[in-house]
Structure formats: structure tokens, C-alpha cells
Amino acid sequence: MCRLFGLHAGSQAVRATFWLLDAPDSLADQSRREPDGAGIGTFDSDGKAHVAKQPLAAWEDHAFAREARVLKSTTFLAHVRYASTGAHTMVNTHPFEQDGRLFAHNGAFGDLERLDRRLAEFGVADLVKGQTDSERLFALITAESRRADGDVGEGIIQAISWIAKELPVFSLNLILTTASGLWAVRYPDTHELHILQRLPARSSEGAPLDARSSRIRAHSKDLARSGHVLIATEPMDAHPEWRALTAGALVHVNADLAVTISQPFPAAPTHPLSLSDLSPSAAASQKP
């Protein structure tokens, strides 16, 4: 299953170190479950998006994922891909960038030809450079955000609601970031998505951020004392305040680290998919 990780550090950029394949299991196990791509997105002091990523299945040496990268940003978006749609190529590797925003997705849905027609109707088919359902989902969100005068939250609501009504859906979990904002969706209840709000430390002895999932690790001394918000596929440390988002949740984190959680989507997709409905490769990519 793909791994998602989002971090909002507030209005001041911080340094953080990332490893994108930091698994505790054996090399023998990893050799059977290596990812199909890994990447991380950040924003510079001018608010310009930057993405570092590689389609790892094309490599015999996975140094890109295993080596540490020290990055500075207000928001961070990391993704480790297990492909369900599209070849193991750079254009199919997350995160994706559109209109200066970054996006990553964990899930699968069908009838991409119908979605392609929808994108063509909105005049955004050119945003899709690869073959993935994920990039198409992002393009629909971008189109709907443009129609809503740049309101990203409204764009997400309209895009997810249309797909939930019109297309067969397994999972649409996602994280979208800008230099000042972070949005996340858990929809429907297929895969979990978790949130942690870490308040500023009351003393100078606060512990640095050291978050580790079964694939992604993030460490930051800068975040020892300042508040921040984490979104992840699974709880990444023993902090007791990690909580699972409810199915249908839309999360927004602004530059002041205020968190808003709403439930704007249909209770369930009109055409839900199960693992047995997916192709063997897609089903394998969606298993926990």
C-alpha cells in the first residue's frame, strides 16, 4: 500500500531530514515489496514548489530512497508508491505539481476514460502527463479549484463528490499542499489516515520531531519546541494523541496551524469497489 506523509510547520520554514525507505524489516522481505516510486515535495522562501522523486523500480540501486535529504520548507509532502495504474516512470511518480500545488494519493478507482472526458470538458486534459488515476484526480481538483476562483477546499469537495457519484471507487485518500496550507482526505473507509497536532513545547527541552512509519521517516530538531501538524497513513511514533480520521473527513490546516475537519462528501461511493474487483496488480498495491 502507498504511504502518505504530510507535515505543516506553520508560517516559518523549518529544516527536516527525510528517509523515504526506512523500513525495519529484512532485506529479503524488502526485495519482495520494494516500492515503485518515492518522492518528497517542499516550497522555497518565494513559495515555489520543488519536487525530488524517482521511479524506484527502474533502479537496481535504491539509494535515492535510503539516503537522507535535509530540506527546508513550511510544508512537506512525502509519498512512497506501490503502483496500481501506470508504468514505473518519473511522470507517474508522486508527488505531482499543478498550479503551484503539490499532491499525492493512496488508493484506486476506475472508469478513467469517463474521467478523461470530464477533464477534456473542463479544458485541463493537458495537465495529465502520465497514466495514473492519481494525476487525473489531481487534475480534476485543479479544474474545480479554478472554477471556484482558487478555493482549493471547494475544488476538493466538488472533485471527490463527482467521482464518488459517477465512478467506481476503492479509495481516494490524498494530501495536497501549498506553501501556506495543507488539505487531506480520507474517503471512504477503505484505508486509514491519521492526524497528530503537536503543540509548542512549554520549555526549551522539547523533543525533536522523530516520526517513523514502515516506510517513511522524518526528523527535525527545528520542531523540538514549535507546534506542527502531521498527517500520515499510520501513526508514526508513540505519541498518545495520534487519532484516526473518520471516513469522509476533509482536513484543512492553515498557516497558523488551525485545523478544520469537515464531512462534506457522500456517506459512501455510489459504485464501491472491493479488493476482489481490482486487477491482481492493483489489488496487490492496495493491501495494507
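1. Two strands are taken to pair if DSSP finds at least two bridges between them. On that basis strand 8 and strand 9, the latter covering residues 168–177, pair in the antiparallel sense over eight bridges. Within this pairing, Ala-104 has Ile-175 of strand 9 as its bridge partner. The model discussed here is predicted.

2. Strand 8 also pairs with strand 7, again in the antiparallel sense, over three bridges. Here Phe-96 stands opposite Phe-103 of strand 8. Strands 7 and 8 form a hairpin with two residues between them, and Asp-99, in the turn, has a positive phi of about 50°.

3. Strand 8, which runs over residues 101–109, is mostly covered, with nine of its nine residues buried. In a regular strand the side chains alternate between the two faces of the sheet. Both faces of strand 8 are covered. Arg-101, Phe-103, His-105, Gly-107 and Phe-109 are buried on one side, and Leu-102, Ala-104, Asn-106 and Ala-108 are buried on the other.

4. Gln-98 deserves a separate remark. This residue lies in strand 7, residues 96–98. Is Gln-98 buried or exposed? Its relative accessible area is 3%, and the limit for a buried residue is under 20%, so Gln-98 counts as buried. The side chain of Gln-98 is joined to that of Thr-142 by a polar contact of 2.7 Å. Leaving out residues up to four places away in sequence, Gln-98 touches Leu-127, Glu-135, Phe-138, Ala-139 and Thr-142.

5. Helix 4 comprises 15 residues, 133–147. Helix 4 is mostly covered, as 13 of its 15 residues are buried. Just after the helix, Asp-149 takes a positive phi of about 55°.

6. The largest nonpolar core has 33 residues. Which residues have the most contacts inside this core? They are Phe-109, Leu-137, Ile-156 and Ile-163. The elements that give two or more residues to the core are strand 8, helix 3 (112–121), helix 4, helix 5 (152–166), strand 9 and strand 10 (182–186). Helix 5 gives the most, with eight residues.

7. Four strands form an open sheet in the order 5-2-13-12, with antiparallel pairing. Strand 5 (69–73) and strand 12 (209–212) stand at the edges, each with a single partner strand, so one side of each is left without a neighbour in the sheet. From one strand to the next the twist averages 20°.

8. Arg-212 stands opposite Arg-217 of strand 13.

Key:
Residues are numbered from 1 along each chain as its sequence is written. This is a predicted model: local features need pLDDT of at least 70, side-chain atom pairs count only at pLDDT 80 or more; totals for chains, interfaces and linings use all residues. Side-chain values use heavy atoms; hydrogens and water are left out. The expected span of a helix is 1.5 Å times one less than its number of residues. Buried means under 20% relative accessible area, exposed over 50%, partly exposed in between (1.4 Å probe, protein chains only). A polar contact is a pair of N or O atoms within 3.5 Å; within protein, one must be able to donate a hydrogen and the other to accept it, and residues adjacent in sequence count only if both atoms are side-chain atoms. Contact means heavy atoms within 4.5 Å. Axes are lines fitted to C-alpha atoms, for helices over the stretch in contact, and angles run from 0 to 180 degrees between N-to-C directions. A nonpolar core is a set of buried Ala, Val, Leu, Ile, Met, Phe, Trp, Tyr and Cys residues joined through side-chain atoms within 4.5 Å.
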